[in-house]
Every structure is written in structure tokens, then in C-alpha cells.
Amino acid sequence: MIDYSAHSDCELQQLYLSGVEAAGSELALRYRKMVKACIRPYFLVGGDSEDLLQEGMIGLLSAMREYAPNAGSSFKTFAELCVRHRIHPRENAAKSILKHHRAHEIDEEMRDIIRTCYDNSKKILSENKDLLK
């Protein structure tokens with residue numbers, strides 16, 4: 001078995017495109033930590049961190065297939081961009097779910113306090129319109 005660890009990213013990507021699956025596996029192993037770093041800030045409520053990791057790895061696979069060495073960027077930069085673009089829709093969904101979940105955690109007493117503060121601030125602003133001009 002050939003040791004691909006000494007090959008550059010570009011060499012591995014070209015070997016992968018020519019059908020050498022082991023080169024693609026080496027590249028995936030090499031960038032797995034980067035994928036994990038990209039997904040670490042996101043917590044997918046109701047999901048599994050493995051779901052985001054899988055989406056990130058799909059982004060990496062896309063980078064492995066579409067990278068063009070003569071385009072002017074390194075494989076690492078291109079791969080990170082592909083991973084982030086792949087997880088972006090999932091990130092927005094996770095944030096939306098998290099925001100909705102947190103809103104329901106606020107109890108009625110806290111909602112009353114917030115409502116009262118809001119009403120009082122509106123009242124103060126309306127009474128002092130002249131001062132704001």
C-alpha cells in the first residue's frame with residue numbers, strides 16, 4: 001500500500017480525480033479536523049453533531065472534486081470555503097430553532113416584566129418627544 005502522507009494536497013486531489021480512492025481518503029483524513037473546527041461553533045438543536053460533520057465532509061468532498069490548482073487559492077482555503085458554504089443553511093436553521101427554543105424558556109413572570117419595561121419606555125419617550133428633537 002502506498003503512503004500518501006508525504007504528498008501535497010494538490011497531488012492528492014489530482015490522484016483522487018484520476019480514480020485513486022486512497023488519495024481521497026488521505027485528503028479527507030487530513031482535513032477532518034478543519035471540518036470539525038468549522039462546525040464547532042454550531043449546535044444543531046434536535047440534531048446530532050454527526051449531522052453537521054457529515055454535511056461538512058460533503059463540502060470537503062465537493063472541494064476535492066472542484067478544486068482548480070491554477071485558480072489562485074490554496075486547496076485549504078478552497079476546502080474551508082466549500083465546507084462553510086455547505087453548512088451555512090444548516091447553521092441558519094440551527095440558529096432559528098435555538099432562538100425559538102429560548103423564547104419558550106422565558107416564563108410568564110419574565111414576559112410581564114419585559115412587557116412592563118417596554119410599555120414604560122414607550123410612555124417616557126412619548127411624554128418627552130420635545131426633548132428628543
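This is a predicted model: local features need pLDDT of at least 70, side-chain atom pairs count only at pLDDT 80 or more; totals for chains, interfaces and linings use all residues.
The protein averages a pLDDT of 79, with 65% of the residues scoring at least 70. Among the elements, helix α1 (residues 9-17) has the highest mean pLDDT, 95, whereas helix α6 (residues 129-132) has the lowest, 56.

I then searched the whole structure for aromatic pairs, and the search gave three of them. I traced where the two partners sit and saw that the pair links distant parts of the chain, since Y31 belongs to helix α2 (residues 21-39) and F75 to helix α4 (residues 75-105), 44 residues apart. Y31 also counts as buried, at 6% relative accessibility.

Next I looked at Y67 and F78, which form a tilted aromatic pair, 5.8 Å centre to centre and with 50° between the planes. Y67 lies in the loop between α3 and α4 while F78 is in helix α4, so this pair ties together parts that are eleven residues apart in sequence. Y67 is buried, with a relative accessible area of 6%. I recorded that ring pairs link Y31, Y67, F75 and F78 into a cluster.

Lastly I turned to helix α3 (residues 49-66), whose 18 residues reach 26 Å from the first C-alpha to the last, close to the 26 Å expected. Its buried residues include L52, L53, E55 and G56.

Note on methods. Residues are numbered from 1 along each chain as its sequence is written. Side-chain values use heavy atoms; hydrogens and water are left out. Helices (H or I, at least four residues) and strands (E, at least two) are DSSP runs, numbered from the N terminus. The expected span of a helix is 1.5 Å times one less than its number of residues. Buried means under 20% relative accessible area, exposed over 50%, partly exposed in between (1.4 Å probe, protein chains only). pLDDT is the predictor's confidence in each residue, from 0 to 100. Rings of Phe, Tyr and Trp (its six-membered ring) pair if their centres lie within 6.5 Å; planes under 30 degrees apart count as stacked, over 60 as edge-to-face and the rest as tilted.
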